[in-house]
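This report looks at the pockets and the aromatic rings of one protein model. Look over the sequence and the structure first, then read on.

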Amino acid sequence: MTSLVRHITIDCADPYRLAQFWAEVLDGSLAEDDFPGDPEALVTAAGSGLLFIAVPEKKATKNRLHLDLQPQDRSRDEEVERLLALGAALVADHRRPDGTGWATLADPEGNEFCVERSAAERAAG
């Protein structure tokens with residue numbers, strides 16, 4: 001093996017605030033040495049590490065890379081509602097009447113991500 005992905009790094013204006021949002025989304029935790037105003041913040045969650053880095057410029061276009069979330073203990077639609085309550089915004093709704101599809105949301109700084117069906121929903125058809 002040559003390399004592993006250690007973190008997925010996301011440029012943002014307020015690393016601590018955005019890391020708090022994603023820690024709640026992923027049921028993860030911030031590093032013990034991360035505080036408001038720090039230039040970076042790390043979220044550790046099962047299967048992933050997200051590193052948020054302060055940059056001066058604002059997000060200007062669609063992400064070239066985005067996260068696809070799969071709920072583990074609730075349905076896709078229940079997860080979308082939970083994330084909206086945490087401060088996400090609905091960008092595009094690709095959910096179909098037959099239960100397939102996904103929802104595209106944006107985090108508090110406008111970074112898009114998708115919420116797919118849970119494994120149980122996929123297994124049901």
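A pocket is an open set of grid points with protein on both sides within 12 Å along at least five of seven lines, and its lining residues are those that have an atom within 4 Å of a point. The model described here is predicted.

**The largest pocket**

The largest pocket is lined by 24 residues. Which of them lie nearest its centre? They are Ile10, Asp11, Lys59, Asn63 and Asn111. Two strands, β1 (8-12) and β8 (112-115), each supply at least two residues of this lining. The largest share comes from β1, with five residues.

**The second largest pocket**

The second largest pocket has 18 lining residues, and the closest to its centre are Val25, Leu26, Leu69, Gln70 and Gln72. Three elements each supply at least two residues of the lining: the strands β4 (48-54) and β5 (67-69), and the helix α2 (76-86). The largest share of this lining, three residues, comes from β5.

| Pocket | Volume | Lining by class |
|---|---|---|
| Largest pocket | about 560 Å³ | 10 nonpolar, five polar, nine charged residues |
| Second largest pocket | about 430 Å³ | nine nonpolar, three polar, six charged residues |

**The aromatic rings**

A pair of aromatic rings is described by the distance of the centres and the angle of the planes. How many aromatic pairs does a search of the whole structure find? The search finds two.

One of the pairs is formed by Phe21 and Trp22, with 5.5 Å centre to centre and 90° between the planes. This arrangement is edge-to-face, because planes over 60 degrees apart count as such. Are Phe21 and Trp22 buried or exposed? Both Phe21 and Trp22 are buried.

Trp22 also pairs with Phe113, at 4.8 Å centre to centre and 70° between the planes, and this pair too is edge-to-face. Trp22 belongs to helix α1 (residues 15-25) and Phe113 to strand β8, so their pair ties together parts that are 91 residues apart in sequence. Phe113 is buried, as is Trp22. Phe21, Trp22 and Phe113 together make up one aromatic cluster.

Note on methods. Residues are numbered from 1 along each chain as its sequence is written. This is a predicted model: local features need pLDDT of at least 70, side-chain atom pairs count only at pLDDT 80 or more; totals for chains, interfaces and linings use all residues. Side-chain values use heavy atoms; hydrogens and water are left out. On a 1 Å grid over the protein atoms alone, a cavity is a set of points where a 1.4 Å probe fits but cannot get out, and a pocket is an open set with protein on both sides within 12 Å along at least five of seven lines; lining residues have an atom within 4 Å of a point. Grid points are joined across faces, edges and corners, and a volume is the space filled by probe spheres set on the points. Helices (H or I, at least four residues) and strands (E, at least two) are DSSP runs, numbered from the N terminus. Ala, Val, Leu, Ile, Met, Phe, Trp, Tyr, Cys and Pro count as nonpolar, Asp, Glu, Lys and Arg as charged, and the others, Gly among them, as polar. Rings of Phe, Tyr and Trp (its six-membered ring) pair if their centres lie within 6.5 Å; planes under 30 degrees apart count as stacked, over 60 as edge-to-face and the rest as tilted. Buried means under 20% relative accessible area, exposed over 50%, partly exposed in between (1.4 Å probe, protein chains only).
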